[in-house]
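Here is a short report on selected local features of one protein model. Keep the sequence and the structure open while reading.

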Amino acid sequence: MTDANGYSMKETTAMGEGNHSEMNTKKSAPWATIIGGTVLAIAAGVIGFQVFRAEPAAAPTDQAGKVSLSNTSTSPALARVNGQLIQYDAVARECFDRLGKSVLENLINRTIIHQEVERRGLTVTEAEIDAEVQKIAKRFNLPVDTWYQMLQTERDLTPVQYRRDVIWPMIALRKLAGDEVQVTDSDLHRAFQRDYGPRVRCRMIMMENVRRANEVWEKATRTPEDFDKLAREFSVESNSRALGGAIPPISRYSSADNQSLEDAAFRLQPGEISGLIQVGNRYVILKCEGRTEQVVTDIKDVENDLRAQLQEEKTQERVAVVFDDLKKQTRVDNYLTNTSTGGSNTAQNTSYTNQIQQTGSTLPGADAQAVQPASGTTLTK
């Protein structure tokens, strides 16, 4: 899921959390990597805490029942071009057509969290938001003002939007999730191998058809020195294909989804070609080019950092489960997409057309009134 600005769930969380392991191993990581991050998603997208309700409005309609953009008597002008006015309704319609589904989905998510926060009597204070922003900026060795400026420049995200749409929901979801996480010795060992252990340097060819993959594998095993050429010619993974199959070094325990790939990579010796490795519905061939050196050899040197990192990762996993449960428990009738999810299975789905008939609302273009959030969540900055 992405928000109206095109941020994925993972990116949204990363803007709040950063990436601890990236910062440990890549002090000069480019801004794009930092802002993207690899922290587990909270499964909420951009979730604010103001909830909007469309109110019935007597907007002009055409014969098809759609909002008319030609009648300008009730619509304020937003621009003038050589004397011709561009009305609010025209802009609203354009925005709705382009972003309506995404914005509505995020408003639904906002409402789900807001309702549960109110039900439990929880609050998120300005002081908590300030402290969280300061903590995140400190991770990147930046003053808060500089952090805000970079968010504005790189993501067109104002300080108010960042505090409201990223930081507030992140803290709220943590409170909803509780503190039921523990870090075991096994967790620490796996994280140490993942972040600081040796990695396998490889080139990769990815194929979508098993028969074709076998043909390419036979060519690669006959002439291993031509592996990069074969990657450029046959691989379906565009980024590595352009680099002759070069990919970032493969670490242990990077992802449960990549277990078969990791196992195959760590069995290889330099110059050796793997067999076909099935990853999802695709087939991968690896050529080993050696291993990286392990920079940190004693886990005690980084144990505190790893423990804090794992605590955060496990909290995010817990948050994702909690939010997923909330969505399953909450009845949502989306009249725009004509779908219903969660809640009672006996409730009837109501179409967008029926909703207009029942309420008289002429979405889009109807005025929206903000419902005030629960006490302690109002932003003034």
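The sections below cover aromatic contacts, a hairpin with its surface patch, and backbone angles.

## Basis of the model

This is a predicted model: local features need pLDDT of at least 70, side-chain atom pairs count only at pLDDT 80 or more, and totals for chains, interfaces and linings use all residues. Residues are numbered from 1 along each chain as its sequence is written, and side-chain values use heavy atoms, with hydrogens and water left out.

## Aromatic pairs

Rings of Phe, Tyr and Trp (its six-membered ring) pair if their centres lie within 6.5 Å; planes under 30 degrees apart are stacked, over 60 edge-to-face, and the rest tilted. The model has four aromatic pairs by this rule. In one of them, the ring centres of Trp 147 and Tyr 162 are 6.3 Å apart and the planes meet at 70°, so this pair is edge-to-face. Trp 147 belongs to helix α6 (residues 144–155) and Tyr 162 to helix α7 (residues 159–177), so the pair ties together parts 15 residues apart in sequence. Helices (H or I, at least four residues) and strands (E, at least two) are DSSP runs, numbered from the N terminus.

Trp 147 is buried at 1% relative accessibility. Tyr 162 is buried too, at 0%. Buried means under 20% relative accessible area, exposed over 50%, and partly exposed in between (1.4 Å probe, protein chains only). Ring pairs join Phe 140, Trp 147, Tyr 148 and Tyr 162 into a cluster.

## Hairpin and nonpolar patch

Strands β2 (residues 77–81) and β3 (residues 84–87) pair antiparallel over four bridges. Pairing requires at least two DSSP bridges between two strands. Ala 79 has Ile 86 in β3 as its bridge partner. The two strands form a hairpin with two residues between them, and Asn 82 in the turn has a positive phi of about 50°.

Leu 78, Val 81, Ile 86, Tyr 88 and Val 91 make a nonpolar surface patch of about 400 Å². Elements giving two or more residues to this patch are β2 and α4 (88–120). Patch residues have over 30% relative accessible area and no salt bridge, with nonpolar side chains (Val, Leu, Ile, Met, Phe, Trp, Tyr) joined within 5 Å and like charges within 9 Å. A salt bridge puts a side-chain nitrogen of Lys or Arg within 4 Å of a carboxyl oxygen of Asp or Glu. Areas are Shrake-Rupley values with a 1.4 Å probe; for residues, only the protein chains shown count as cover.

## Positive phi in loops

Asn 141 is not a glycine, yet has a positive phi of about 55°. Asn 141 lies in the loop between α5 (126–139) and α6 and is exposed at 68% relative accessible area.
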